[in-house]
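I opened the model today and kept short notes as I went. The entries follow in the order I looked things up.

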Amino acid sequence: VRIFCSAGASTSLFASTVQKVMDAKGFDGEIKAYSASTINENGVSADVILIGPQSRFLEPNVKKMFPDKKVAVVPPQIFGAMNGEKGLEYILSLIG
């Protein structure tokens, strides 16, 4: 899972919080945060591309760039609370 936003500071914290929950539950995977300016390079290796709520305007273009990937904006209530449990639930809902 890759999460992108304009600067990356808050998304790094969110990614870390979700990763801790993933690790605690025994999930084999990783979530990493990147600046939106690197989406061309770092989106390629993602199974799921998440976009921070503050950068939601990027979603239509990212979906066009990666039509075969799951692309979604993290709901603000999950992101703002830095809720790793809900973040993981959201990711799992995207991948079925």
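**Pocket.** I started with the largest pocket, which holds about 240 Å³ of space. The model is predicted, and I read every value below with that in mind. How many residues line the largest pocket? I found 15. Val-1, Met-22, Asp-28, Gly-29 and Glu-30 lie nearest its centre. Next I sorted the lining by class. Nine of the lining residues are nonpolar, two are polar and four are charged. I then asked which element gives the largest share of the lining. Helix α5, residues 84-95, does, with four residues.

**Helix α5.** That sent me to the helix itself. I noted twelve residues in α5. From its first C-alpha to its last, α5 reaches 17 Å. At 1.5 Å a residue, 16 Å is expected, so the span is close to that value. Which residues of α5 are buried? I listed Gly-84, Gly-87, Leu-88, Tyr-90, Ile-91 and Leu-94. They cover an arc of only 160 degrees around the axis, so they sit on the same side of α5.

I stepped back to Met-82, in the loop between α4 and α5. Met-82 has a positive phi of about 50 degrees, although it is not a glycine. Is Met-82 buried or partly exposed? I set its relative accessibility, 21%, against the cut-off: buried means under 20%. Met-82 therefore counts as partly exposed.

**Aromatic pairs.** I looked up ring pairs next. The count comes to two aromatic pairs. I took one of them, Phe-14 with Phe-79, and checked its geometry. The ring centres are 5.2 Å apart and the planes stand at 40 degrees. Planes under 30 degrees apart count as stacked and over 60 as edge-to-face, so this pair is tilted.

**Val-62.** My last stop was Val-62, in helix α3, residues 59-65. With a relative accessible area of 3%, Val-62 is buried. I compared its position with that of Leu-94, which is among the buried residues of α5. Val-62 and Leu-94 are 32 residues apart along the chain. Their C-alpha atoms are separated by 16 Å.

Conventions. Residues are numbered from 1 along each chain as its sequence is written. This is a predicted model: local features need pLDDT of at least 70, side-chain atom pairs count only at pLDDT 80 or more; totals for chains, interfaces and linings use all residues. Side-chain values use heavy atoms; hydrogens and water are left out. Rings of Phe, Tyr and Trp (its six-membered ring) pair if their centres lie within 6.5 Å; planes under 30 degrees apart count as stacked, over 60 as edge-to-face and the rest as tilted. On a 1 Å grid over the protein atoms alone, a cavity is a set of points where a 1.4 Å probe fits but cannot get out, and a pocket is an open set with protein on both sides within 12 Å along at least five of seven lines; lining residues have an atom within 4 Å of a point. Grid points are joined across faces, edges and corners, and a volume is the space filled by probe spheres set on the points. Helices (H or I, at least four residues) and strands (E, at least two) are DSSP runs, numbered from the N terminus. Ala, Val, Leu, Ile, Met, Phe, Trp, Tyr, Cys and Pro count as nonpolar, Asp, Glu, Lys and Arg as charged, and the others, Gly among them, as polar. The expected span of a helix is 1.5 Å times one less than its number of residues. Buried means under 20% relative accessible area, exposed over 50%, partly exposed in between (1.4 Å probe, protein chains only). The arc is that of the directions from the helix axis to the C-beta atoms.
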